[in-house]
Structures are given as C-alpha cells and as structure tokens.
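I opened the notebook to look up a few things in one structure. The entries follow in the order I made them.

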Amino acid sequence: MIELAAENGALPVEHEAHWLAELPDREAIPWLDDPTHPNAVGHRRMADHMLRTLGLGEPTEL
C-alpha cells in the first residue's frame, strides 16, 4: 500500500496499524459489528485517525 501511495503521490492512512496500536492486548470487538465490519465506534476511530494523518486537524465531538 505504501508503494502504491508513493507512486500516486498519495498519503497512506494505516488503519490496521492504528487499530493494533490502540488495542494491543485485546480483540477489536468494541469497534466491530462482526469480524470484518466496523460499528459506529470503529468508523469514528477510523475517521479520527484519517483526519489526523492527513493533517486536517483534530476531530470534534458530535
């Protein structure tokens, strides 16, 4: 993914690495609806991480 982003001048957002860092000793169950799909909390965590990575500022509370 990093190579593809570099070839296209894009900034990669490493969601898997972020999830593993945030939940190192436990399953991501609080962030998932099923083993594959994020729930509302998971989607929010992904959006927050993307905003920070892209330099678009800190997320605000809903």
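Entry 1, a leucine in a loop. I began with Leu32 and looked up its contacts, leaving aside neighbours within four places in sequence: Leu32 is in contact with Trp19, His37, Pro38 and Asn39. I noted that the model is a predicted one. Leu32 has its place in the loop between α2 and α3. I also checked the pair Leu32 and His18, which are 14 residues apart along the chain, and their C-alpha atoms are separated by 15 Å.

Which residues make up the largest nonpolar core? I found 5 residues in all: Trp19, Leu23, Ala28, Trp31 and Leu32.

Asn39 is found in the loop between α2 and α3. Is Asn39 buried or exposed? At 14% relative accessibility, Asn39 counts as buried, because buried means under 20%. Its side chain reaches the backbone nitrogen of Val41 at 2.9 Å. Not counting residues up to four places away in sequence, Asn39 touches Ile29, Pro30, Trp31, Leu32 and Asp33.

How many salt bridges does a search of the whole structure find? The search finds 2. Side chains of opposite charge can pair when their charged atoms come close.

I took Arg45 and Glu22 to begin with; their side chains meet in a salt bridge, at 3.9 Å from N to O. Arg45 lies in helix α3 (residues 40-53) and Glu22 in helix α2, so this pair ties together parts that are 23 residues apart in sequence. Arg45 is partly exposed, with a relative accessible area of 35%. Glu22 also counts as partly exposed, at 39% relative accessibility.

I then turned to Asp48 and Arg44, whose side chains meet in a salt bridge at 2.8 Å, N to O. Both residues lie in helix α3, 4 residues apart, which is about one turn of the helix. Asp48 counts as buried, at 13% relative accessibility, whereas Arg44 is partly exposed, with a relative accessible area of 24%.

Which residues form the nonpolar patch on the surface? I listed Leu11, Met50, Leu51, Leu54 and Leu56, with about 440 Å² of accessible area together. Leu11 has its place in the loop between α1 (2-7) and α2 (15-22).

I left the overall figures for the end. The protein chain has 3 helices and 0 strands, and its pattern along the sequence reads α-α-α. Its C-alpha atoms fill a box of roughly 35 × 25 × 20 Å, taken along the principal axes. The protein chain has 62 residues, and 21% of them count as buried. Asn39 and Asp48 are buried residues that I had already written down. Among contacts with a separation of 6 or more, 29% come from residues 24 or more positions apart. The accessible surface of the protein chain comes to about 4900 Å², and 59% of this belongs to carbon and sulfur atoms.

Notes:
Residues numbered from 1 in each chain as written. Predicted model: local features only at pLDDT ≥ 70, side-chain atom pairs only at ≥ 80, totals over all residues. Heavy atoms only, no water. Patch = residues over 30% accessible without salt bridge, like charges linked within 9 Å, V, L, I, M, F, W, Y side chains within 5 Å. Areas by Shrake-Rupley, 256 points an atom, 1.4 Å probe, with all protein chains shown as cover. Salt bridge = Lys/Arg side-chain N within 4 Å of Asp/Glu carboxyl O. Helix = DSSP H or I, 4+ residues; strand = E, 2+ residues; numbered from the N terminus. Buried < 20%, exposed > 50% of the residue type's maximum accessible area, 1.4 Å probe, protein only. Core = buried A, V, L, I, M, F, W, Y, C linked by side-chain atoms within 4.5 Å. Polar contact = N/O pair within 3.5 Å; in protein donor to acceptor, adjacent residues only side chain to side chain. Contact = heavy atoms within 4.5 Å.
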